[in-house]
2 protein chains.
Amino acid sequence: MSSQLHLNAFLMGVGHHEAAWRHPRTDARNVLRAGYFQELARIAERGKLDSVFFADLLSVGSRIERNTQTTFEPITLLSAMAVATEHIGLIATASTGYNEPYNLARSLASLDRISGGRAGWNIVTSVGADEAANFGYAELPDHAGRYRRAGEFVEVATALWDSWEPDAVVLDAATGIFADPDKVHTVDHVGERFTVRGPLNVPSSAQGRPLLVQAGSSESGKDFAGRWAEAVFTAQRSIPEGQDFYRDVKARAVAAGRDQDEVKILPGIVPFIAESEAAGRRLEREFTELISPEYALRQLSQMVGVDLTGYPLDAPLPPLPPLEKIQGNKSRYQLVKDLASRESLTIGDLIAELGGGRGHRTVAGTPEQIADDLQRWFEAGAADGFNVMPPYLPGGLTDFVDQVVPILQARGLFRTDYTETTLRGHYGLRPHIGRYARVVAGVGG
Amino acid sequence: MSSQLHLNAFLMGVGHHEAAWRHPRTDARNVLRAGYFQELARIAERGKLDSVFFADLLSVGSRIERNTQTTFEPITLLSAMAVATEHIGLIATASTGYNEPYNLARSLASLDRISGGRAGWNIVTSVGADEAANFGYAELPDHAGRYRRAGEFVEVATALWDSWEPDAVVLDAATGIFADPDKVHTVDHVGERFTVRGPLNVPSSAQGRPLLVQAGSSESGKDFAGRWAEAVFTAQRSIPEGQDFYRDVKARAVAAGRDQDEVKILPGIVPFIAESEAAGRRLEREFTELISPEYALRQLSQMVGVDLTGYPLDAPLPPLPPLEKIQGNKSRYQLVKDLASRESLTIGDLIAELGGGRGHRTVAGTPEQIADDLQRWFEAGAADGFNVMPPYLPGGLTDFVDQVVPILQARGLFRTDYTETTLRGHYGLRPHIGRYARVVAGVGG
């Protein structure tokens, strides 16, 4: 367990709640403004948060008319946010399914250098058929194949990030040597899907390489997290479930030969912060009432693998296909199925429940109540910190930073100022030392 | 012919001269600092220049130890520069050879939105075997194949940029409609190399789509420029050669059904600016003397397709292979060959001549002499403007902006302030109107 919490802010449009942009507390035009996202990063930095994060899709798909997220590509946007901030970590989602490892490793390395070592990569395999159709695939590659490709992709990307030793750039004007060629290495990867010689054409950053983040919760996803992830975003509904997931992923990390502290588990939380619990619930209800049922039904249909169009909202879910038939997000499917059966929810209940958190846990209450809730999870060993998903922005983030963070700080649970300069540092990790780096002292000296 | 000049600043490390980073007028550590590139953009904007531009390679290749350019990926870096400026255009080189059209179109569209319609794309096919090896190719794809792929790539990218009509984003909170799905179109491209459904997941920018830039001067390159390019960077050594090239590309544009003013021809120029012509020549010589002959010989070998290692510097070039055997940059090969034979240059002469401009024209003199030179080319119909390649940075750019630009302005040859907000606007082009956009008035009304 970490000695202090880690906090990431999930920045989604004008809020994580799917109807956020219709609520008077937001200005929907902000989703088109880079300056708005720079301001969000500054607010998160004011709160000394570890990082901010963007999800991503490589399509608009069926969501065009309701989807406020379709505006910027994450790495370009984070680059603009990097130069408006000094400490906050910057995590981009990017797909192993539809990129070349050299290009993506390079863009992330470039963001990492622009930000002075504050970049992170949320690794996704891309589960949408809409995405596949933008890259020449008539059908979505199968779940196991996607993870095999992801594994090889990350092997190549991490090798490329290691290809420049930390002291490779020498800038010796007298001899005319810019970089020491003995400290810049080819990677010579020849694999099932990729053949990449290297080296990368970006020197390594202050943190050695970007932080690796992951969010899959299927068996393959958890294995992948155990092997690679340094932070895991996850949807957990209760402390016992959170504890099981926490122990599971940490055990997989240990089985992969890593220290269990090298992977931080960050369940999602959607906080409705108000001056009383009742006011928090009222605020949540205001947002729920703005959900478009027809759009939400389509979203729910995608999650459970059944077309729910025409089903009455007061009926329970029909029988769902078995897990092995689900080609998309398997963990989200399981979560919705369990939620519906355990709490006997109707389709309408599910839409309300999922609208704010999309499967993540919603908590409504006073700043003290929110802080109590986070502390309970943390001390129960169900979380190393949290992926904070403000239901509306910027207000939901501002309230968290100005009202909840000070309570966590007063309780000794969260940093009162940054003590590190890199994203890896914020998450309690040392700079990554690449595979080619020399032992500086002791050996051979 | 344009009524006024267009000026682009070519930003390369700490200067276009290959030994720039060794000269006391530069600080080589700047190539690692995003803030330095933001400052260069602000200097160019102070001079009211149309745009700044980065070249690019997808490898380090044989250039590791001497190459100061290996630091950032252009689009991420330009995004950081976009938010530090308000008017200057931002042109990124990116390859059609080793990207997916959806990803590249999206990153450029994102830069275009972040900058408020100031992005441009310098389209390259990638000619290096080192680059091919980073993307699974044992050999470089042939010249014709690269241009066929480039053509289809640009077809797809431009279709994706058209996929959002300008007024597709409606943000209607009352009805819950974010974007009008009737104004967001699939592109359904099915071609030889790419199958892409679309639509893009970034709405169109204030200029409709990024400016298209190109620099190839082979026959296929000029055809491509005639069909697609809105600005052409080119290496021309004399006014008659420049006039020929100018007429040639404009004619190809007209043959492709375009207006000849829709493509601006911008020859490169490397200005050594000083208080006298003699002082300019001395300054140039200072840089020449810092060239590493062994590195320069390797660069020259690549240009001419012959390994020159071991050849004496005072000897002429050996017989060169015929043009059709050159798989790399055909126009650069031709330029070097012509230069050597016309001016009876030795290998050593060629290294000195190419060190500053890499084939582009070097001019040394007073600000008046530089301005006179530019005016002569412009009035002779050999140029619509110039790709200004400061041999050292930031000083070479600062001097151009503060000493040459005011002369051009006083002569009525260059804008005294920005009159447009987009990059297309700076180059005298209207906002691009996509293929799906409705006729706003007059028809059917």
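**Reading contacts and salt bridges**

Q: What does the side chain of Q214(A) reach at 3.4 Å?
A: The side chain of Q214(A) reaches the backbone oxygen of G221(A) at that distance, 3.4 Å. Such a polar contact is a pair of N or O atoms within 3.5 Å; within protein, one must be able to donate a hydrogen and the other to accept it, and residues adjacent in sequence count only if both atoms are side-chain atoms.

Q: What kind of model is this, and how are residues numbered?
A: This is a predicted model, in which local features need pLDDT of at least 70, side-chain atom pairs count only at pLDDT 80 or more, and totals for chains, interfaces and linings use all residues. Residues are numbered from 1 along each chain as its sequence is written, chains are lettered from A and ligands numbered from 1 in the order in which they are written, and side-chain values use heavy atoms, with hydrogens and water left out.

Q: Where does Q214(A) sit, and is Q214(A) buried or exposed?
A: Strands (E, at least two residues) and helices (H or I, at least four) are DSSP runs, numbered from the N terminus. Q214(A) is in strand β9 (residues 211-214) of chain A. Buried means under 20% relative accessible area, exposed over 50%, and partly exposed in between (1.4 Å probe, protein chains only). Q214(A) is buried, at 2%.

Q: Which residues does Q214(A) touch?
A: Contact means heavy atoms within 4.5 Å. Leaving out residues up to four places away in sequence, Q214(A) touches several residues, among them N122(A), Y147(A), G221(A) and F233(A).

Q: Where is Y147(A), and what does Y147(A) touch?
A: Y147(A) lies in helix α5 (residues 143-162) of chain A. Y147(A) is buried, at 14% relative accessibility. Beyond four places in sequence, the residues that Y147(A) touches include T125(A), Q214(A), S218(A) and F224(A).

Q: Which positions does UniProt mark as "binding site"?
A: UniProt positions are given in the numbering used here, feature names are shortened, and annotations may be inferred rather than shown by experiment. The unreviewed entry places this feature at D56(A), T93(A), H143(A), Y147(A), S217(A) and S218(A).

Q: What surrounds T93(A)?
A: T93(A) is in strand β3 (residues 89-95) of chain A. T93(A) is buried, at 3% relative accessibility. Not counting residues up to four places away in sequence, T93(A) touches F53(A), F54(A), A55(A), D56(A), P74(A), N122(A) and V124(A). A polar atom of the T93(A) side chain lies 2.6 Å from the backbone oxygen of F54(A).

Q: How do I read a salt bridge, and how many are there?
A: Side chains of opposite charge can pair when their charged atoms come close. A salt bridge is a side-chain nitrogen of Lys or Arg within 4 Å of a carboxyl oxygen of Asp or Glu. The count over all chains is 60 salt bridges.

Q: Which salt bridge crosses between chains, from R106(A)?
A: R106(A) pairs with D56(B), at 2.5 Å from N to O. This pair runs from helix α3 (residues 101-114) of chain A to the loop between β2 (51-54) and α2 (74-82) of chain B. R106(A) is buried, at 4%. D56(B) is partly exposed, at 21%.

Q: How many residues apart are R424(B) and E230(B)?
A: R424(B) and E230(B) meet in a salt bridge at 2.8 Å, N to O. They are 194 residues apart: R424(B) is in helix α14 (residues 423-426), E230(B) in the loop between α6 (219-228) and β10 (231-234) of chain B. R424(B) is buried, at 6%, and E230(B) is buried, at 6%.
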